[in-house]
Amino acid sequence: PLLGLLVDRTGWNIFWVFLSTLCTIGAHLLLTFTFLNPFIAMTVLGLAYSMCASALWPMISLVIPEYQLGTAYGIAQALQNLGLAVATMLAGMVVDSGGYLLLEMFFLAWLFISLMASLIMWIYDIRTTGVLNMTIAQRTAYENSKAASKEDTESLLRRQSITENEACEEVTQPQTVDQIRNRYLSRVGQMNVPGHLVRALR
């Protein structure tokens, strides 16, 4: 909960995902190449996993429309469960064939892939909207600006629709001869009308 509160107060979701991946790599390096008490590495690993979950899952709601969030979270959860199932079986096969040192190498390889993926996502976010790594204040201002722009667009469309409706009503409403004459003269200008037509209209 404390790490989730930290993410909610600061934003910077991609930064926290990147940092948690680095910490996870560090924890596995401690388990693999040092003789420190494993409790230290496992504590770092637990904190890193908690931070990653707190920062990663909210990013879905930042890029997916609200009416598709259920589908998006369902797909993400299904893919995560599939990855856990496959990774567990592969980990067992790696241990059986090469021991725990090879298993740690297996984990580290996937962690470096994850680190590169988060870095690519960070760069892509910087080049686009930047919404995934904004602070809370920046994200609020961005959402307000987007909402205001949407309201302006809707207002413009409403005005255009009203103008078109009024024009249609003007054309379709019954008109007297004087109204037709005045409308015609206002459109083309009396100076451009041939003389015999002006006399006829009068």
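Tutor: Helices (H or I, at least four residues) and strands (E, at least two) are DSSP runs, numbered from the N terminus. The model is predicted: local features need pLDDT of at least 70, side-chain atom pairs count only at pLDDT 80 or more, and totals for chains, interfaces and linings use all residues. Residues are numbered from 1 along each chain as its sequence is written, and side-chain values use heavy atoms, without hydrogens and water.

Student: What span does helix α2 reach from its first C-alpha to its last?

Tutor: The expected span of a helix is 1.5 Å times one less than its number of residues. Helix α2 covers residues 13-33, which is 21 residues, and 30 Å is expected. The model comes close to that expectation, the reach from first to last C-alpha being 30 Å.

Student: Which residues does UniProt list for "transmembrane region", and how much of residues 101-124 is helix?

Tutor: The unreviewed UniProt entry lists residues 12-33, 39-60, 72-95 and 101-124; positions follow the numbering used here, feature names are shortened, and annotations may be inferred rather than shown by experiment. In the model, residues 12-33 are 95% helix and 0% strand.

Student: Is phenylalanine 106 buried or exposed?

Tutor: Buried means under 20% relative accessible area, exposed over 50%, and partly exposed in between (1.4 Å probe, protein chains only). Phenylalanine 106 has a relative accessibility of 17%, so the residue counts as buried.

Student: How many aromatic pairs does the structure hold, and why is the pair of phenylalanine 106 and phenylalanine 107 tilted?

Tutor: Rings of Phe, Tyr and Trp (its six-membered ring) pair if their centres lie within 6.5 Å; planes under 30 degrees apart count as stacked, over 60 as edge-to-face and the rest as tilted. The structure holds seven aromatic pairs. In the pair of phenylalanine 106 and phenylalanine 107, the centres are 5.8 Å apart and the planes lie at 50°, so the pair is tilted.

Student: What kind of aromatic pair do phenylalanine 106 and tryptophan 110 form?

Tutor: Both residues lie in helix α5, four residues apart, about one turn of the helix. Tryptophan 110 is partly exposed, at 49% relative accessible area. With 6.5 Å centre to centre and 80° between the planes, phenylalanine 106 and tryptophan 110 form a pair that is edge-to-face.

Student: Which residues form one aromatic cluster?

Tutor: In helix α2, the buried residues include Trp16 and Phe18. The aromatic cluster is formed by Trp12, Phe15, Trp16, Phe18 and Trp122.
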